[in-house]
Amino acid sequence: MNISTFDLFKVGIGPSSSHTVGPMIAASRFAGYLQEAGMLEQVCSVRSELYGSLGATGKGHGTDKAVLLGLEGHVPDQLDPDLVEPRLAEMRLSKQMLLNGTHKITLNEKDHLLFFRRESLPQHPNGMRFFAMDVNGNVLAEKEYYSVGGGFVVSQDGLRVNGTPSTPGDCVPHPFHSGDQLLRACADSGLTIAQLMLENEKYWRSAEEVRIKLLSIWDVMAATIKRGCATDGELPGPMRVKRRAHELSQQLRNRTEESFNDPLAMLDWVNLYAMAVNEENAAGGRIVTAPTNGAAGVIPAVLQYYNKFVPGANQDGVVTFLLTAAAIGLIYKENASISGAEVGCQGEVGVACSMAAGALAAVLGGSNEQIENAAEIGMEHNLGMTCDPVGGLVQIPCIERNAMGAVKAINAARIALRGNGKHYVSLDKVIKTMMQTGADMKTKYKETSRGGLAVNVIEC
């Protein structure tokens, strides 16, 4: 188990962790490889080939933009979203780009950025190939990468090219590979899930560093909520979808007395938090993958619910929440998938709902068994959810779907906390079921925009 909390929670830009963040990282890594291999100055152009889901919905998800910026050496967590469009316009006008930020090469998108809508590479639906060519069109170097969900990128041989360095075996003090193993490890050590996860994180960094980084992650999430609530207008794309968080925020702030008579008013706020985040994501703003960009609103919305509506909420609770969510998320990552292109939206919003449900149960005082139960409930009632973005954009139904996932997570935690942690369906069984369901799901329902709402809703 070599996945860190900070591999699951990464700062990036929207609209997609698998289609934007991952390809940018892959392209940047290819440019860096050319520099390291001493070939950079010989390169005249780079051809990028995008396959499967990247080919089918890449333009709507901003994959073309991500690849161009990545080849210039940009990485998601350091890129200013406000500089994206001006730099792309400059590239396209001059028909040139700076490979790895230093070497000028030619750019002809028609020939150098190819989308293969109905072809897939063998290892994953989100596959891409990069070719560096000299002045005569000869291939100097070729690399194949896969964006496997949540911003994780692996090479053709399956090795990760970003995130926590791979080490053989179980390097952390309390390794676990399943929900059952996690519960046993907690029982053997006498630790809560969050405490055990912290002990494992200390393999890479000090406890204080972990706390600082987690609170920094929360700061980015909270800032995204605030920015989403403050921004009016329309989202990018031909559908001209109107942002709703700004108006909803104003409505809620103007009806304080009315809300006292509505026992469900809290749900309006949770909806607001989730939609604000995912509107920012759809607009290409700064986002935390949690565990993906398409599902980035669920965990911040539930964590903000904890901060605003749970008496005694504090920073210790924020740390506990994120560590618990990460422990649950890495079980999904290791045993199933968080890629909508591989298993549908059950692997994105479904997993985020499961993570948030378990995390909320933790900060509300739940036992380890109740936390595992909450996480199981969160996924059980998202099984089979398709990924069918209208127009290939992370807007419809994605924005509302995050709001629904957040509300489900809160209810899942409450159901689990009313029990004693004993239940018939384990987290491991529901994860196995999710993966089997994803395998059985038709390709057209897995982030290709060739099925479901994507073919039954007029784009513009």
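How many aromatic pairs does the count come to? The count comes to seven aromatic pairs, where rings of Phe, Tyr and Trp (its six-membered ring) pair if their centres lie within 6.5 Å. This is a predicted model, in which local features need pLDDT of at least 70 and side-chain atom pairs count only at pLDDT 80 or more, while totals for chains, interfaces and linings use all residues. Residues are numbered from 1 along each chain as its sequence is written, and side-chain values use heavy atoms, with hydrogens and water left out.

**Aromatic rings**

- A pair of aromatic rings is described by the distance of the centres and the angle of the planes.
- For the angle, planes under 30 degrees apart count as stacked, over 60 as edge-to-face and the rest as tilted.
- Y203 and W204 make an edge-to-face pair, with 5.5 Å centre to centre and 90° between the planes.
- Y203 is partly exposed because its relative accessibility is 41%, and W204 is partly exposed too, with a relative accessible area of 25%. (Buried means under 20% relative accessible area, exposed over 50%, and partly exposed in between, using a 1.4 Å probe and protein chains only.)
- Elsewhere, ring pairs join F30, Y33, F130 and Y145 into a cluster.

**The largest cavity**

- Rolling a probe the size of a water molecule over the atoms shows where empty space is left.
- Searching the whole structure turns up two cavities of 30 Å³ or more. (On a 1 Å grid over the protein atoms alone, a cavity is a set of points where a 1.4 Å probe fits but cannot get out, and lining residues have an atom within 4 Å of a point.)
- The largest cavity holds about 150 Å³ of space; a volume here is the space filled by probe spheres set on the points, and grid points are joined across faces, edges and corners.
- Its lining has 18 residues, and G294, E348, C387, V394 and C398 are the closest to the centre of the largest cavity.
- Helices α2 (17-36) and α18 (398-417) each supply at least two residues of that lining, and α18 gives the most, with three residues. (Helices, H or I with at least four residues, and strands, E with at least two, are DSSP runs numbered from the N terminus.)
- Sorted by type, the lining of the largest cavity has eight nonpolar, six polar and four charged residues. (Ala, Val, Leu, Ile, Met, Phe, Trp, Tyr, Cys and Pro count as nonpolar, Asp, Glu, Lys and Arg as charged, and the others, Gly among them, as polar.)
- Domain 1 (16-155) and domain 2 (179-458) each give at least three residues to the lining of the largest cavity; the domain bounds come from an automatic or database domain assignment.

**The second largest cavity**

- About 30 Å³ of space sits in the second largest cavity.
- V46, S48, L68, L71, M97, L107, H112 and L113 line the second largest cavity.
- Strand β2 (45-51) and helix α4 (63-71) each supply at least two residues of this lining.
- The lining of the second largest cavity splits into six nonpolar, two polar and no charged residues.

**A stretch named in the record**

- UniProt, in an unreviewed entry, places the feature "domain: Serine dehydratase beta chain" at residues 4-157; UniProt positions are given in the numbering used here, feature names are shortened, and annotations may be inferred rather than shown by experiment.
- Over residues 4-157 the chain is 37% helix and 27% strand, and the end C-alpha atoms are 21 Å apart.

**Backbone details in the loops**

- The peptide bond from G14 to P15 is cis, with omega near 10°, and P15 lies in the loop between β1 (10-13) and α2.
- From A290 to P291 the peptide bond is cis, with omega near -5°; look for P291 in the loop between β9 (286-289) and α13 (298-309).
- N100 isn't a glycine, yet has a positive phi of about 55°. You'll find N100 in the loop between β3 (96-99) and β4 (103-106), where N100 is partly exposed at 22% relative accessible area.
- E447 isn't a glycine either, and has a positive phi of about 60°. E447 lies in the loop between α19 (427-440) and α20 (453-456) and counts as buried because its relative accessible area is 4%.

Definitions and conventions. On a 1 Å grid over the protein atoms alone, a cavity is a set of points where a 1.4 Å probe fits but cannot get out, and a pocket is an open set with protein on both sides within 12 Å along at least five of seven lines; lining residues have an atom within 4 Å of a point.
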